[in-house]
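Hi,

Here is the model I said I would pass on. Have a look at it first, and then read my notes below.

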Amino acid sequence: MGLFDFLKPKVFKPVIKYNLSSQEEEAARFNWQKVEELLSLGKPSQLKQGVIESDKITDSVLRELCYGSSMGERLKSAKELFDRDVYNALWEAHKVRNSLVHESSYDPPYYICREAIQKFKSALLALRIRL
């Protein structure tokens, strides 16, 4: 990281893409099928894995559309891509994922995992990705 790299997002607003290439969209669609399979199995461990996979897919899409070195930074820079409700729901879903990954004692009920996956899906649909 260069001496002034921390200023770039503040001084020079990076360009945000509004569409994925067909190849990027196809990859998201393909990966989402894995999430659907995990959902259909419905076991707690598979639902938790579905949350993590949903977050990875969303992060991959956001990596192509906006700037930031972490998912949190990309979410902040992607705010204008979503309406307020979808954006807030996406943050909530990401927080569930973070709790799953970083808190060993976090064991959410199945409906929390299902809701988080649905929030990720809504965000991807808002980006006009045909899942």
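One term before anything else: by a polar contact I mean a pair of N or O atoms within 3.5 Å, where, within protein, one must be able to donate a hydrogen and the other to accept it. Keep in mind too that this is a predicted model.

A polar atom of the serine 54 side chain lies 2.7 Å from the backbone oxygen of glycine 50. Serine 54 is buried, its relative accessible area being 0%. Setting aside neighbours within four places in sequence, serine 54 is in contact with Trp32, Val35, Ile117 and Phe120.

Now the overall picture. Of its 131 residues, 38% count as buried. Among contacts with a separation of 6 or more, 63% are between residues 24 or more positions apart.

Next, how α2 and α3 pack. The axes of α2 (residues 22-41) and α3 (residues 44-65) come within 8 Å of each other and cross at roughly 170°. Since angles over 145 degrees count as roughly antiparallel, that makes α2 roughly antiparallel to α3. On the α2 side, the residues that meet α3 are Glu24, Ala28, Asn31, Trp32, Val35, Leu38, Leu39 and Leu41. Their partners in α3 are Gln46, Leu47, Gln49, Gly50, Glu53, Ser54, Ile57, Val61 and Glu64. By class, this contact has nine nonpolar, five polar and three charged residues.

Isoleucine 57, in helix α3, counts as buried at 5% relative accessibility. The C-alpha atoms of isoleucine 57 and alanine 28 are separated by 6.1 Å, with the two residues 29 apart along the chain. Leaving out neighbours within four places in sequence, isoleucine 57 is in contact with Ala28, Asn31, Trp32, Val35 and Leu124.

Threonine 58 is also found in helix α3, and is buried with a relative accessible area of 1%. Not counting residues up to four places away in sequence, threonine 58 touches Met71, Leu90, Phe120 and Leu124.

On to α5. This helix covers residues 84-102, 19 residues in all, and reaches 27 Å from its first C-alpha to its last, close to the 27 Å expected at 1.5 Å a residue. At its start, a side-chain oxygen of aspartate 83 comes to within 3.2 Å of the backbone nitrogen of aspartate 85. The buried residues of α5 are Val86, Tyr87, Ala89, Leu90, Trp91, Ala93, His94, Val96, Arg97, Ser99 and Leu100. What covers them includes α3, α4 (71-77) and α6 (110-126).

Last, a backbone detail. Arginine 128 is not a glycine, yet it has a positive phi of about 65°. You will find arginine 128 in the segment after α6, and it is exposed, with a relative accessible area of 53%.

Cheers

Notes: Residues numbered from 1 in each chain as written. Predicted model: local features only at pLDDT ≥ 70, side-chain atom pairs only at ≥ 80, totals over all residues. Heavy atoms only, no water. Axes fitted to C-alpha atoms, helices over the stretch in contact; angles between N-to-C directions. Helix = DSSP H or I, 4+ residues; strand = E, 2+ residues; numbered from the N terminus. Parallel < 35°, antiparallel > 145°, perpendicular 65-115°, else oblique. Contact = heavy atoms within 4.5 Å. Nonpolar A, V, L, I, M, F, W, Y, C, P; charged D, E, K, R; others polar. Expected span 1.5 Å × (residues − 1). Buried < 20%, exposed > 50% of the residue type's maximum accessible area, 1.4 Å probe, protein only.
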